[in-house]
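Reader: Could you take a close look at one part of this model for me, the place where the two chains meet?

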Amino acid sequence: MAHFDENAKPFSQKWLDERLAVSTLKRVLQTEYWIPKNINFLWAMGMVLAATFGILLVSGIFLLMYYKPDTNLAFDSVNYTIMSEVGYGWLWRHIHGVGASVVFLIIYIHMFVGIYYGSYKRGRELIWLSGMLLFVTFSAEAFSGYMLPWGQMSYWAGMVITNLFSGGSLEAYGLVEWIRGDYVPGDAFLTRFFMLHVLLLPLAIIGLIVLHFGTLRLPHVNNQDGEEIDFEEAAELYKAGKVKESKVIPFSPVFLSKDVFVMGVYFIFFFYLVFYHFEFAMDPVNFDPADGLKTPAHIYPEWYFLWSYEILRPFSKDLGLIAFGIAQVIFFALPFLDRSPNVAPASRRGLFKYWFWAMLIDMIILTFMGKLPPTDALFANIGLIAALTFFALWIALPIITKKEKKL
Amino acid sequence: MANNTKGRRDFMGMALGGFTALGGIGALYAMKRTWDPLPSVKAAGFTTIDLSAAQPNVLNVEKWRGKPIFVLKKAKDMKTDPRDVVMGDDHFLVAIGLCTHLGCIPAYLGDEHKFKCACHGGEFDASGHQIFGPPPSPLEIPPFKIDGTKLVLGEEGPEYQKMKADGLTV
């Protein structure tokens, strides 16, 4: 057993140290967790995401107290009870709805910052892979949550997305009915997606966040120049008081102050949306109760899934499904498809510079086309070309990065 | 002695692994069964429709397993089709009213004898064949059994089995 100081007062620093190792924990996670100096505000997105997840968790707990997972009661429990009766119920709903939408905006920024600066490359592959797992789990979390108000869009999104599991010409309707627990989305469907949304998936997300942070601890965070820093050497300099000469700063309190500033700006934007523009995260169609005998005129997902929805749409049934499946997982392969050893911002690399911007613009075009009805021939063709470009870019990636000279 | 111990440890390991695998398979099976549709849901999977009162060229929408079912009695001037449900001299289109593209419900345009889906512009003729737009296949025919002038949905009668064998529906 460890040595205990008999004179330590209960709950004093020393007393806690001897029982919980709080000083060691603080040192490892905060004061001696080294962060490179040359990183910009875009590196604060991780903490912004963690904070947004916290907000979603808290607002979700408050919604959970009045929500009823029953096809007859769900719609009114959200749109009447929570919105009109529960004191400040509207606030939790708007926070939850806006948070669910904005969290994807930040995830996409976080992802594209990683791609731009090469933060997925050698030594950091697991950071990328665990991050992509988080993205997929967040997508499932968003989809299952979208079902719960049991409006028209909820119902038909549930219908369309679960139909994807029939595997096109495989016609695996048995599998679809098994997933739904019914022939169409019904009570069994609603209760199991409720379970996924409030327990299983959040649990998985929390576990994955811990893993994501863990994968970061040894290879350390990348920096704006992709410079390889000897963190131990730099840390010694910092601890010796040569703060200026050292290339690193401690996470807490030094870098955290920057994180907190960025979060402050972000929360102004976030609560501006919550209080003045919550409708952007609330589809009007979803304010009609679910009706299995009437379809809305135009079915489309929330903005953050539009790009992959547009990849599904312009092709025939089977081809579309395969394309959609590939688009969901292709980002996982990024560290292995990028054959260049250069860890540097895209602007200092070869053709990758154009690849990055082409991919980003292509996904924005796909997003816009996904929202438009495909009945217009011009837009349908733009969508098809953008979908083909998406795959062409992924095929080109290993070739253009292989040719890249070492910096 | 050393080898003997190793052999025993290996055996213990294998025995433990075997039992764990067995328990794991059992647990997975229980989980799978928990997600299966409930018996009450399956029992509600049959619907009987009386076709004797149907009017020609007027679309009736019934509900079966939560899905809309189109029942259309063909007028004398309308084309017959191998997909028709025949009852005496009357021909009926009986189909699941969900567009085979993404599952929207098409509307029936009686004058033009065709179905039009508002979502993505798909069109089907009065026999359920796709004639325009993105739908990849004809409207599906639900399993049915003819019982006098009644149609039992959810049960596979000989007429349905023949259609299935001919590849007219899935």
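Author: Buried area here is the accessible area, found with a 1.4 Å probe, that two parts lose on being put together, summed over both. Keep in mind that this is a predicted model. With that in hand, about 2300 Å² is buried between chain B and chain A, and carbon and sulfur atoms give 67% of that area.

Now for who is touching whom: chain B puts 27 residues into the contact, and chain A puts in 28 residues. As for polar links, the rule turns up 5 residue pairs in polar contact across the interface of chain B and chain A, both residues at pLDDT 80 or more.

Helix 1 of chain B supplies the largest share, 3 residues. Sort the chain B residues that touch chain A by type and you get 13 nonpolar, 7 polar and 7 charged.

An unreviewed UniProt entry marks "transmembrane region" at residues 12–31 and 91–109 of chain B. Residues 12–31 of chain B are 100% helix and 0% strand, with end C-alpha atoms 28 Å apart. Residues 91–109 of chain B, in contrast, are 0% helix and 47% strand, and their end C-alpha atoms lie 18 Å apart.

UniProt, again in an unreviewed entry, also places "domain: Rieske" at residues 64–153 of chain B. That span is 0% helix and 42% strand, and its end C-alpha atoms lie 7 Å apart.

Notes. Residues are numbered from 1 along each chain as its sequence is written. Chains are lettered from A and ligands numbered from 1 in the order in which they are written. This is a predicted model: local features need pLDDT of at least 70, side-chain atom pairs count only at pLDDT 80 or more; totals for chains, interfaces and linings use all residues. Side-chain values use heavy atoms; hydrogens and water are left out. UniProt positions are given in the numbering used here, feature names are shortened, and annotations may be inferred rather than shown by experiment. Helices (H or I, at least four residues) and strands (E, at least two) are DSSP runs, numbered from the N terminus. Contact means heavy atoms within 4.5 Å. A polar contact is a pair of N or O atoms within 3.5 Å; within protein, one must be able to donate a hydrogen and the other to accept it, and residues adjacent in sequence count only if both atoms are side-chain atoms. Ala, Val, Leu, Ile, Met, Phe, Trp, Tyr, Cys and Pro count as nonpolar, Asp, Glu, Lys and Arg as charged, and the others, Gly among them, as polar.
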